[in-house]
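Subject: Structure for your review

Dear colleague,

I am handing over a structure that will be new to you, with an account of what was found in it. Please keep the model open beside this message as you read.

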Amino acid sequence: MATPVWFTFGFEGVGPVQKQQNSEALRPRPLSLGGSETSRQRLCKLRPSWSYTAALTGDGYVILSGFVGGSPQQSVCLPGGGCRDLLTSEKYLLLLYKDRVECWDTGSLGSAGLHGEPVWKMELSEDEDSAFPAVSTGYVSPKPPFFKAFPHQLRVCKLALGGEHALLLSSQWTVYAWGSGRHGQLGHGGLEDVLEPRTVEALHGVLMGDVAAGGWHSVSVSEAGDIYVWGWNESGQLGLPCKRLARVTERTALLKEETGVGSNAVESSHGEEAQKASENISVEFISIQAFPALLDLPEGAAAHKASCGSRHTAVVTRNGSLCTWGWGSYGQLGHGNTASSDQPKLLKYFSQHQLHVQDVVCGTWSTFVLCHLKENEPRQFGL
């Protein structure tokens, strides 16, 4: 019987992974929250912020790990249990219970848990069954104002909050977007802000199964397994040709030609981008994609679910693999280097270790992956 195990790679709170020497530190590794093996294996949800990660156990306990209570490398389990879901930001922590939502200032966190009273609280009907952070007639956010009402009744399947925008997947499998549109992240074709949920017309009639919102980009997965991307492509986070990465590639190729530096030394930081430059292929670079664009995954893989970081993207395929692309300067793409990529790439680690990827959650500069691990193989991962 398979055991679910979380893996992580990328930025570790206020202590980033070393970029240069040890490539193994830039690859997936089993997640450890305070060294507790039991908590690591029964985590059902992860909500990473920049400097800490909040995890929810199957029995409703919240574990905070990272920069907690003013100190780095801390791990705190909040007493009481009963939590159903959570949402994080650097300043605030939102906790969903059966009958209420509480918002806590992260400055009130200490080694013994939360101190004082929540900065905001909302009572809920106990029979309410919503897709958090959607609640009742609106949604909550880990920044003021903590509750925002929907202008009309929407039946929500999933709600994803980006840096400055929001995506909603309705029970009719329709995608809505609103918020800041200055990077095309709303998918409405323009760069204007939209104050209320508006249907992404370019996807109308296509049944959607998942949505994900990044810093300034968006991803949607259709029921058929197709990937649609839109928004900012500054670091290749849309998987579309990126001019900035092409310039890096050109400089790398020129350096190799002038200095004769070995391919291992150069490609350790830029990966396969040097090969792409040397081909001298003329491409149309995309900095902003204001309409949803269809993106192909490697080997014709069908997508299952997606997650977005600040400037990187990760997608779980239906056959249990993981693809990543975008900004990789902290190893958040998981390929063992700090290269960025404007092309989706399969992460070989999981298939090489016969791991089936079930879920992915992107932090700002990090990535967390849930896998099924066979019981007779845990020792090879140090579990």
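**The chain as a whole**

Please bear in mind that this is a predicted model. The chain has 383 residues, and 53% of them count as buried. Its secondary structure comprises 5 helices and 29 strands. When contacts between residues at least 6 apart in sequence are considered, 51% of them join residues at least 24 apart. The accessible surface of the chain is about 17500 Å², and carbon and sulfur atoms account for 47% of that area.

As general background, nonpolar side chains in soluble globular proteins tend to be buried together. In this model, the largest nonpolar core has 23 residues, and the members that touch the most others are Leu168, Val175, Trp178 and Leu203. At least two residues of this core come from each of the strands β16 (156–161), β17 (165–170), β18 (175–179), β20 and β22 (227–232). Another core, of 17 residues, lies apart from it and includes Leu240, Leu297, Val315 and Cys323.

Strands of a sheet pair through backbone hydrogen bonds, in either a parallel or an antiparallel sense. Here, 3 strands make an open sheet with antiparallel pairing, in the order β13-β14-β15. Its edge strands, β13 (134–135) and β15 (147–149), each pair on one side only. Between β13 and strand β14 (residues 138–140) there are 2 bridges, in the antiparallel sense. Val135 is found opposite Gly138 of β14.

**Salt bridges**

The structure contains 12 salt bridges. Three of them are described here.

- Asp85 and Lys45 meet through their side chains in a salt bridge, at 3.0 Å from N to O. Because Asp85 belongs to strand β7 (residues 85–88) and Lys45 to strand β3 (residues 43–48), the pair ties together parts that are 40 residues apart in sequence. Asp85 is buried, at 6% relative accessible area, whereas Lys45 is partly exposed, at 25%.
- Asp105 and Lys91 form a salt bridge in which the closest N and O atoms are 3.0 Å apart. This pair links distant parts of the chain, 14 residues apart, with Asp105 placed in strand β9 (residues 100–105). Lys91 is partly exposed, and its relative accessible area is 43%.
- Arg100 and Asp99 also meet in a salt bridge between their side chains, with an N to O distance of 3.0 Å. The relative accessible area of Asp99 is 26%, which makes it partly exposed.

**Two residues in loops**

Where does Trp216 lie? Trp216 sits in the loop between β20 (208–213) and β21 (217–222), and it is partly exposed, with 22% relative accessible area. Trp216 and Gly163 are 53 residues apart in sequence, yet their C-alpha atoms are 6.4 Å apart in space. Neighbours within four places in sequence aside, the contacts of Trp216 are Glu164, His165, Arg182, His183, Gln185, Gly231, Trp232 and Ser310.

Is Gln332 buried or exposed? Gln332 is buried, with a relative accessible area of 0%, and its place is in the loop between β26 (322–326) and β27 (341–346). Two polar contacts involve its side chain. The side chain of Gln332 reaches the backbone oxygen of Trp327 at 3.1 Å, and a polar atom of that side chain lies 2.7 Å from the backbone nitrogen of Tyr330. With neighbours within four places in sequence set aside, Gln332 is in contact with Phe9, Gly10, His312, Trp327, Trp365, Ser366 and Thr367.

With kind regards

Conventions
Residues numbered from 1 in each chain as written. Predicted model: local features only at pLDDT ≥ 70, side-chain atom pairs only at ≥ 80, totals over all residues. Heavy atoms only, no water. Salt bridge = Lys/Arg side-chain N within 4 Å of Asp/Glu carboxyl O. Helix = DSSP H or I, 4+ residues; strand = E, 2+ residues; numbered from the N terminus. Buried < 20%, exposed > 50% of the residue type's maximum accessible area, 1.4 Å probe, protein only. Pairing = 2+ DSSP bridges. Contact = heavy atoms within 4.5 Å. Areas by Shrake-Rupley, 256 points an atom, 1.4 Å probe, with all protein chains shown as cover. Polar contact = N/O pair within 3.5 Å; in protein donor to acceptor, adjacent residues only side chain to side chain. Core = buried A, V, L, I, M, F, W, Y, C linked by side-chain atoms within 4.5 Å.
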